[in-house]
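Thanks for coming. I have one structure to go through today, and I will keep it short.

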Amino acid sequence: MLELGGNANAAPKGDYVKDVNEANFMAEVIEKSQEVPVIVDFWAPWCGPCRQLGPALEAEVEAAKGAVVMAKVNVDENQMIAGQLRIQSIPTVYAFWQGQPIDGFQGALPGSEIKKFVEKLIEAAGGSADGGLSEAVEAAEAMLGEGAAEDAAETFAAILEEDPELAEAHGGLIRARIALGDLDAAEAALAAVPAKLADTAPIEAARAQLDLAKQAQSAGPADDLKAKVEADPNDHQARFDYAQALYAAGEAEEAVDQLLELFRRDREWNDGAAKTQLFTIFDALKPTDPVVAKGRRKLSSMIFA
């Protein structure tokens with residue numbers, strides 16, 4: 001289990017949804033709610049809306065990975081509990097926290113409202129709807145930003161053990177492998193991404209970084225390439241290679257400037273390679289990076305001039 005950023009109130013895995021009766025209601029709802037929020041679903045087998053609501057509610061509880069648990073009470077078999085809580089129609093849902101009902105609703109709800117109900121309950125208890133994984137991703141990103149790529153890679157890998165379909169963690173692991181200089185491992189991490197996540201923003205960004213890192217392996221010495229460009233400003237291949245070398249050296253803004261100059265001089269050179277490379281760099285950088293905003297603005301002004 002991932003410890004970093006976890007929810008201290010989380011329930012054990014596999015213990016999220018239980019059938020509860022009069023004998024164990026006190027233990028599984030009132031006492032349990034001292035540790036973790038408990039959603040109580042009052043239902044009956046003959047109730048049509050119950051059959052719609054129950055599975056949807058269970059799915060959201062399972063997705064919360066222990067930040068909240070669920071107790072299912074069959075009112076036909078547990079009339080005393082239903083009477084004590086004045087259940088007059090079903091489905092009725094109550095949310096308990098620290099022994100007290102703090103929220104609830106009657107009737108079936110759309111999936112979006114069920115999700116909000118669960119998230120609100122978890123937040124009220126000071127937890128996280130994803131079991132702390134978002135905080136763990138933030139911590140791993142901070143490690144990567146501080147140069148602790150090995151620690152970041154281990155943390156991203158641990159997050160993926162908890163949630164193999166978290167695009168941010170897949171993207172982070174790929175970028176951490178790139179930072180460690182292990183492009184083969186980065187390729188393997190990219191290949192392990194589930195197909196349905198392949199076009200998400202974190203994966204697109206990581207793929208772009210990997211493409212640039214592979215290009216950088218064949219880039220020549222930046223000083224030599226700079227001299228070639230200065231000797232012949234129309235040597236487009238030298239300018240393109242110089243931009244690659246600059247990006248490899250961490251000089252993203254300078255690389256963008258060289259590619260913009262190449263585009264200005266000959267936008268059709270090598271099937272529009274300058275524009276394609278610019279978009280690859282933009283994808284690799286964070287959308288909020290000033291280099292991206294400035295570069296896109298300059299490129300647009302050239303395209304539509």
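Predicted model: local features only at pLDDT ≥ 70, side-chain atom pairs only at ≥ 80, totals over all residues.

Let me begin with the cysteines. There is one disulfide in the structure. It links Cys47 and Cys50, with the sulfur atoms 2.4 Å apart. The torsion about the S-S bond of Cys47 and Cys50 is about 80°, so this disulfide is right-handed. Are Cys47 and Cys50 buried or exposed? Both Cys47 and Cys50 are buried.

Now the largest pocket. Its space comes to about 940 Å³. A total of 31 residues line the pocket, and those nearest its centre are Arg175, Gln209, Ala284, Leu285 and Lys286. Which elements give two or more residues to this lining? They are helix H5 (133–145), helix H7 (167–179), helix H9 (201–217), helix H11 (236–248), helix H13 (273–284) and helix H14 (290–303). H9 provides the largest share, with eight residues. By residue type, the lining of the largest pocket has 17 nonpolar, five polar and nine charged residues.

Last, Ala124. This residue belongs to helix H4, which covers residues 111–124. What does Ala124 contact, once neighbours within four places in sequence are left aside? The partners are Trp97 and Ile102. Taking Trp97, the separation from Ala124 is 27 residues in sequence, and the C-alpha to C-alpha distance is 8.6 Å.

Terms used
Residues numbered from 1 in each chain as written. Heavy atoms only, no water. Disulfide = S-S within 2.5 Å. Buried < 20%, exposed > 50% of the residue type's maximum accessible area, 1.4 Å probe, protein only. 1 Å grid on protein atoms, 1.4 Å probe; cavity = no way out; pocket = protein on both sides within 12 Å on 5 of 7 lines; lining within 4 Å. Points joined across faces, edges and corners; volume = space filled by probe spheres on them. Helix = DSSP H or I, 4+ residues; strand = E, 2+ residues; numbered from the N terminus. Nonpolar A, V, L, I, M, F, W, Y, C, P; charged D, E, K, R; others polar. Contact = heavy atoms within 4.5 Å.
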